[in-house]
Amino acid sequence: MEDACSVALREFGCEQNLLSRPDGSASFIQGDTSVMAGVYGPAEVKVSKEIYDRATMEVLIQPKVGLPSVRERSQEECVRETCEAALLLELHPRSSITLILQVLHNDGSLLSCCLNAACMALMDAGLPMSHLFCGVTCAIATDGHIITDPTAAQEAESRALMTFAMDSRDSNVMMSSTKGAFSVEELQRCIAISQKASEKIFAFYRDSVSRRYSKTL
């Protein structure tokens with residue numbers, strides 16, 4: 001049981017403020033999966049999309065090759081819901097915030113990598129947030145073993161796949177995306193493992209940001 005609940009994550013890498021045009025940008029690497037994020041705004045919004053009491057949030061995911069498909073549209077929705085829950089959008093009414101995620105390489109756990117890149121880019125843009133968030137992906141193997149931050153090969157062999165967005169305040173689940181067959185107990189175990197994993201990711205965020213600002217001072 002202990003082995004089935006161990007939290008092993010691939011190596012992380014992150015760099016903020018890489019791009020000159022966006023208001024905030026970041027690249028995030030998990031193993032061989034890497035995503036570049038750019039944030040634009042708060043900016044003017046089209047009248048048709050204007051919301052009078054808060055900012056309009058838009059998320060676009062661009063695959064490495066080809067045009068966005070149904071899969072990207074579904075992932076965009078997951079990222080948008082998470083960002084909207086974390087950002088204080090009511091501070092920028094009648095404006096737009098656009099987040100563009102470019103997939104550079106996908107070797108599994110892509111949605112969680114997108115979430116992590118998004119959070120670091122939003123931080124770089126200096127947008128007000130009630131809390132940070134991170135993404136954790138769990139795969140359930142055919143033997144019931146739970147793998148955190150799975151590779152593409154591990155995902156392909158798994159019976160179920162789950163990605164959670166966790167908040168930095170109480171490690172609560174902000175968003176979940178699931179695929180495959182699993183029991184309620186397995187879902188609860190995956191959430192518990194993701195909560196443990198999120199502690200490591202938030203610690204990495206802190207280290208990454210402190211390293212950046214220690215260089216600039």
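Analyst: Happy to; what follows is a set of questions and answers on packing and pairing. This is a predicted model, in which local features need pLDDT of at least 70, side-chain atom pairs count only at pLDDT 80 or more, and totals for chains, interfaces and linings use all residues. Residues are numbered from 1 along each chain as its sequence is written, and side-chain values use heavy atoms, with hydrogens and water left out.

User: At what angle do helix H1 and helix H2 pack?
Analyst: Helices (H or I, at least four residues) and strands (E, at least two) are DSSP runs numbered from the N terminus. Axes are lines fitted to C-alpha atoms, for helices over the stretch in contact, and angles run from 0 to 180 degrees between N-to-C directions. H1 covers residues 70-86 and H2 residues 110-125; their axes lie 10 Å apart, at an angle of about 40°. Because angles under 35 degrees count as roughly parallel, over 145 as roughly antiparallel, 65 to 115 as roughly perpendicular and the rest as oblique, H1 is oblique to H2.

User: How do the residues of the contact of H1 with H2 divide into nonpolar, polar and charged?
Analyst: Contact means heavy atoms within 4.5 Å. From H1 come Arg71, Gln75, Cys78, Val79, Thr82 and Cys83, which meet Leu110, Leu111, Cys114, Leu115, Ala118 and Leu122 in H2. Ala, Val, Leu, Ile, Met, Phe, Trp, Tyr, Cys and Pro count as nonpolar, Asp, Glu, Lys and Arg as charged, and the others, Gly among them, as polar. The division is nine nonpolar, two polar and one charged.

User: Which strands stand at the edges of the four-strand sheet?
Analyst: Two strands pair if DSSP finds at least two bridges between them. The open sheet has the order S7-S6-S8-S9 with antiparallel pairing. One side of each edge strand is left without a neighbour in the sheet, because each has a single partner strand; the two are S7 (146-148) and S9 (173-180).

User: What angle does the direction of H2 make with that of S6?
Analyst: H1 lies across S6, S8 (160-167) and S9, running at about 165° to S9. H2 packs on this sheet too, touching S6, S8 and S9. With S6, the direction of H2 makes about 170°.

User: Which strands stand at the edges of the sheet of five strands?
Analyst: This open sheet has mixed pairing and the order S1-S2-S3-S5-S4. The edge strands each have a single partner strand, so one side of each is left without a neighbour in the sheet; they are S1 (12-16) and S4 (56-62).

User: Which residue in S2 is the bridge partner of Glu15?
Analyst: S1 pairs with S2 (residues 24-30) in the antiparallel sense over five bridges. In S2, the partner of Glu15 is Ser27.

User: Is the aromatic pair of Phe12 and Phe28 stacked, edge-to-face or tilted?
Analyst: Rings of Phe, Tyr and Trp (its six-membered ring) pair if their centres lie within 6.5 Å; planes under 30 degrees apart count as stacked, over 60 as edge-to-face and the rest as tilted. By this rule there are five aromatic pairs. Phe12 in S1 and Phe28 in S2 are 16 residues apart. With 5.7 Å centre to centre and 55° between the planes, this pair is tilted.
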